Every structure is written in C-alpha cells, then in structure tokens.
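Subject: A structure for you to look at

Hello,

Here is the structure I promised to pass on to you. Please open it next to this email, and then read on for what turned up in it.

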Amino acid sequence: MTRFKVKNDVLVPGFFNMMDRFLNEEFAMPKTNQPSVNIHETPGGYALKVIAPGLKKSEFKISTDKNLLTISYEHSEENKTEDEKLIRNEYQFSSFKRTFTLGEQLNREGITAKYEDGVLNIFIPKAEEAKAETKSIEIE
C-alpha cells in the first residue's frame with residue numbers, strides 16, 4: 001500500500017495532517033487484482049456474481065476444463081501522460097483470473113454468462129439427477 005506523506009505544515013497548520021489522514025486511513029484499501037464474487041444457490045443451480053465495474057465484456061474469458069471453471073479478464077492499454085503527476089493510483093484492474101471447482105452434480109454444458117451494469121452474472125445449472133425432488137417414502 002502506497003502512503004502519501006507531507007512533512008511541512010508551516011503554511012497551513014493542520015491541513016497536511018488532515019490530508020495525510022484522509023488519504024492514508026480513510027481510503028486505505030488493500031490493492032488486489034481479484035474482483036469480489038458472490039455465489040448463491042438456487043433450486044436450479046448456482047449463480048455467480050463477479051463485481052467488475054467499468055470493464056469491457058469482450059475482454060472476459062470464461063472456460064471449463066475437466067472440473068474447473070475459470071473466469072479471466074485481460075486488458076492491455078498504455079495511458080502514459082507526462083503532464084500529470086500521479087499522487088495515488090488504485091485502478092489496478094488490468095487483469096485477473098479466478099478458478100472454481102465444479103462438482104459432478106453440475107451441468108457444465110448449460111453454463112450461461114451475461115455482463116450487465118458492472119456485474120458478470122454466471123449461472124451454472126444443476127444436473128437433472130441433482131434437481132430430483134425429495135420424495136417421502138411410506139413404510140409398510
């Protein structure tokens with residue numbers, strides 16, 4: 001985590017200390033290239049929501065290999081501006097890769113995905129055997 005410190009507060013006493021607290025304590029977030037993922041079970045399968053605002057749908061890649069589901073994103077763009085002095089840079093989402101293990105009770109061929117409003121929604125349906133309803137059996 002990068003810290004921004006100003007040692008000279010002679011001109012405006014307290015101002016730089018306030019800015020130091022503001023930039024370092026209140027906005028101190030761990031830098032990570034991993035988006036947050038929520039997983040919900042539904043009667044028909046599992047819904048994954050990958051929080052990835054501002055990314056391009058065309059740069060996502062979703063694939064399965066044996067019992068693994070891999071979600072990746074790769075963005076390569078160089079924006080170099082010599083005129084600006086960067087004080088803090090927290091936009092580090094140029095690429096990521098997340099892998100999830102798929103159980104045998106899931107239908108890999110039925111996986112669907114949609115990117116909307118900054119959220120990548122992936123639905124993994126359950127196999128027909130896994131969807132079988134509970135049945136009560138009477139004892140004679």
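Let's start with a charged residue: Arg-108 is buried (under 20% relative accessible area; over 50% is exposed, and partly exposed lies in between, with a 1.4 Å probe and protein chains only), yet Arg-108 has no salt bridge. A salt bridge here needs a side-chain nitrogen of Lys or Arg within 4 Å of a carboxyl oxygen of Asp or Glu. The nearest side chain of opposite charge (Lys and Arg count as positive, Asp and Glu as negative, with His and the chain ends not counted) belongs to Glu-104, at 4.2 Å.

Before going further, please note that this is a predicted model, in which local features need pLDDT of at least 70 and side-chain atom pairs count only at pLDDT 80 or more, while totals for chains, interfaces and linings use all residues. Residues are numbered from 1 along each chain as its sequence is written, and side-chain values use heavy atoms, leaving out hydrogens and water.

What surrounds Arg-108? Leaving aside residues up to four places away in sequence, Arg-108 is in contact (heavy atoms within 4.5 Å) with Lys-66, Asn-67, Leu-102 and Gly-103. A polar atom of the Arg-108 side chain also lies 3.3 Å from the backbone oxygen of Leu-102.

Leu-102 and Arg-108 both sit in the loop between β5 and β6. Leu-102 counts as buried because its relative accessibility is 4%. Its contacts beyond four places in sequence include Thr-64, Leu-69, Ile-111 and Ile-124. Leu-68 is 34 residues from Leu-102 in sequence, but their C-alpha atoms are 5.6 Å apart.

Now for the overall layout. Buried residues make up 22% of its 140 residues.

Three strands form an open sheet in the order β3-β4-β5, with antiparallel pairing; two strands pair if DSSP finds at least two bridges between them. β3 (60-65) and β5 are the edge strands with a single partner each, so one side of each has no neighbour in the sheet. Between β4 (residues 68-74) and β5 there are seven bridges, and Tyr-73 has Phe-96 in β5 as its bridge partner.

Elsewhere, β1 (residues 37-42) and β2 (residues 45-51) pair antiparallel over six bridges, with a hairpin of two residues joining them. β2 also runs antiparallel to β7 (residues 119-125), with seven bridges between them. Look for Leu-48: it stands opposite Ile-39 and also opposite Ile-122 in β7.

Where are the salt bridges? Side chains of opposite charge can pair when their charged atoms come close. The structure holds two such bridges. In one of them, Lys-126 meets Glu-41 at 2.8 Å, N to O. This pair links distant parts of the chain, as Lys-126 is in the segment after β7 and Glu-41 is in strand β1, 85 residues apart. Lys-126 counts as buried because its relative accessibility is 12%, whereas Glu-41, at 54%, counts as exposed. Lys-114 forms a salt bridge with Glu-116, with the closest N and O atoms 3.7 Å apart. Glu-116 counts as partly exposed, at 41% relative accessibility.

Definitions and conventions: Helices (H or I, at least four residues) and strands (E, at least two) are DSSP runs, numbered from the N terminus. A polar contact is a pair of N or O atoms within 3.5 Å; within protein, one must be able to donate a hydrogen and the other to accept it, and residues adjacent in sequence count only if both atoms are side-chain atoms.
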